[in-house]
Amino acid sequence: MARRRPAPSPDRGRHGSGAWSTSFDWDKPARERRATPHGFYIDSFEEAKKVFETQLTGTLEVIAKDVKIQVEFDPKVVRRYRLVGYENRDIADKDFRDDKVDAGEIGAGHSVTALYEVELTDAKAALGTVRIRAKTPSGTEAAEQAFAFEQRMLRSTLDTASTDFRFALAVAAT
C-alpha cells in the first residue's frame with residue numbers, strides 16, 4: 001500500500017534560519033567600540049546563495065594581514081615543547097621578520113590560537129617570549145610586538161582551562 005505524503009504546512013516558506021555577522025571599528029579605543037551586527041533571514045536555497053555568495057562577504061573586514069606569531073621558549077624553563085596543529089602554517093625562523101614572506105590574514109572579531117604542549121623544568125620564571133608581527137590591511141611594512149609568556153598564564157590541568165581553549169585543542173588534535 002502506498003503511503004500518502006502529508007500536505008504541506010500552511011506555514012511553509014515562513015520559517016528559516018538566521019545568519020549573523022559582527023564587525024568592529026578597531027580604530028576606536030576599546031571602551032568606544034560598538035559592534036555593527038548584520039542579520040539575514042534565510043528561508044530558501046536562493047536566499048542562502050544570495051546571502052553567502054554576495055552579501056555576507058561584504059560584512060567581512062580584514063584588520064591585519066601577513067600576521068606571524070613566534071614563540072621563543074626559554075630552555076631553562078621549558079625542557080621540551082610541541083606545537084599542536086598548525087604544522088602546515090609553520091614558517092622558518094629566518095622568515096619571521098621577512099615582510100615579503102606571506103602569512104595569514106585576521107578578520108575583525110576573529111582570533112588565532114596557537115597550542116603548545118610543554119614539559120617544564122623546576123625553574124620559576126617566564127616560559128619565554130611571544131612575538132607578533134602584522135601589517136595593516138593596506139600596509140607594506142609589519143609592526144612587531146613582544147609579550148612575556150608568564151607561568152601564571154598556564155593551567156595545571158585541562159579541566160581548569162577555558163572552554164574556548166578546550167574546544168581549540170579538540171579541533172587541533174583531530
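In what order do the 4 strands of the open sheet stand? The order is β5-β3-β7-β8, in this predicted model.

**View 1. An open sheet of 4 strands.** The strands run β5-β3-β7-β8, and their pairing is antiparallel. Strands β5 (104–107) and β8 (143–149) stand at the edges. Each has a single partner strand, so one side of β5 and one side of β8 are left without a neighbour in the sheet. From one strand to the next, the twist averages 35°.

**View 2. The pairing of β3 with β7.** Strand β3 spans residues 62–73, and strand β7 spans residues 128–135. The two pair in the antiparallel sense over 7 bridges. K68 stands opposite R133 of β7. Both K68 and R133 also belong to the lining of the largest cavity.

**View 3. The largest cavity and its lining.** The structure holds 1 cavity of 30 Å³ or more. The volume of the largest cavity is about 30 Å³. Its lining consists of D66, K68, F96, D98, D99, V101, R133, K135 and A142.

View 4. Among the lining residues are D66, D98 and D99, along with K68, R133 and K135. F96, V101 and A142 also line the cavity.

Key
Residues numbered from 1 in each chain as written. Predicted model: local features only at pLDDT ≥ 70, side-chain atom pairs only at ≥ 80, totals over all residues. Heavy atoms only, no water. Pairing = 2+ DSSP bridges. Axes fitted to C-alpha atoms, helices over the stretch in contact; angles between N-to-C directions. 1 Å grid on protein atoms, 1.4 Å probe; cavity = no way out; pocket = protein on both sides within 12 Å on 5 of 7 lines; lining within 4 Å. Points joined across faces, edges and corners; volume = space filled by probe spheres on them.
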